Amino acid sequence: MNPGLPLLLRRSARGKVRYVLRRMRTPRGAFSYGLTGLFLGAAVAFQLWATLEDAGLAKPPATLRLAVPPLVMVGVVVTALSARRLYFTPAEVDLLFPAPVGRRELLLFNLGSRLGVQLLSGAWMALFVARFAPVPLHGAAATVLAFAFGFVTAQAAGLAAAAAEAALPRGARRAAWTAALALAGL
């Protein structure tokens with residue numbers, strides 16, 4: 001892999017942290033981050049309270065086991081069929097596309113730069129799901145990995161759809177999209 005891409009990923013992450021810290025210094029930013037912290041703290045406290053309250057009781061995870069996999073699959077299908085497939089910010093386009101970087105490296109860079117948001121989303125969902133698992137730490141890890149897998153699967157499906165769309169003649173594209181939507185709905 002081109003050594004500039006991991007450097008760019010690290011610098012991008014550092015820039016996001018600097019942005020958050022800079023925004024936190026303003027009154028509006030401090031207020032919004034304070035409310036967010038209170039909300040997250042309340043959610044964590046509620047989940048801990050519910051876990052401690054149910055400590056001696058057997059937890060019925062059957063409903064969760066039946067409901068979560070189809071919901072995750074619907075999320076992957078909706079993400080894969082959405083118009084926003086593989087995308088780059090304008091700054092990334094200006095910097096990366098003229099560079100001597102291969103397609104696979106660009107794809108890995110895109111996955112690496114967007115995966116952090118999916119991991120945070122998985123961690124947020126793990127707060128609510130982990131207490132139903134036989135081992136809460138395993139349930140949390142499974143939830144985070146499911147979000148990462150869903151993201152990577154949606155990106156792969158989006159790339160496959162773009163490749164299929166490019167290979168089809170113009171008149172057959174509408175029929176192919178209608179068939180794909182019907183299959184997804186089924």
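**Reading packing in this predicted model**

Q: What does Trp-124 count as at 28% relative accessibility?
A: Compare the value with two cut-offs: under 20% is buried, over 50% is exposed. Trp-124 has 28%, so it counts as partly exposed. The model is predicted.

Q: How many aromatic pairs does a search of the whole structure find?
A: The search finds 3. One of them joins Phe-39 and Trp-124, with centres 5.7 Å apart and 35° between the planes, a tilted pair. This pair links distant parts of the chain: Phe-39 lies in helix H2, Trp-124 in helix H5, 85 residues apart. Another pair, Phe-88 with Phe-97, is edge-to-face, at 5.3 Å and 85°.

Q: Is Phe-88 buried or exposed?
A: Phe-88 has 19% relative accessibility, so it counts as buried.

Q: Which residues make up the largest nonpolar core?
A: Nonpolar side chains tend to be buried together in soluble globular proteins. Here the largest core has 6 residues: Leu-5, Phe-88, Leu-96, Val-101, Leu-106 and Phe-109. Leu-96 touches Leu-5, Phe-88, Leu-106 and Phe-109, and also Leu-8, leaving out residues up to four places away in sequence.

Q: What does Asn-110 touch, not counting residues up to four places away in sequence?
A: Asn-110 sits in helix H5. Its relative accessibility is 0%, so it is buried. It touches Leu-86, Tyr-87, Phe-88 and Gln-155.

Q: How many residues apart in sequence are Val-144 and Gly-122?
A: They are 22 residues apart, yet their C-alpha atoms lie 4.1 Å from each other. Val-144 belongs to helix H6. Beyond its neighbours within four places, Val-144 contacts Leu-119, Gly-122 and Ala-123.

Conventions: Residues numbered from 1 in each chain as written. Predicted model: local features only at pLDDT ≥ 70, side-chain atom pairs only at ≥ 80, totals over all residues. Heavy atoms only, no water. Core = buried A, V, L, I, M, F, W, Y, C linked by side-chain atoms within 4.5 Å. Buried < 20%, exposed > 50% of the residue type's maximum accessible area, 1.4 Å probe, protein only. Contact = heavy atoms within 4.5 Å. Helix = DSSP H or I, 4+ residues; strand = E, 2+ residues; numbered from the N terminus. Phe/Tyr/Trp six-rings, centres within 6.5 Å; stacked < 30°, edge-to-face > 60°.
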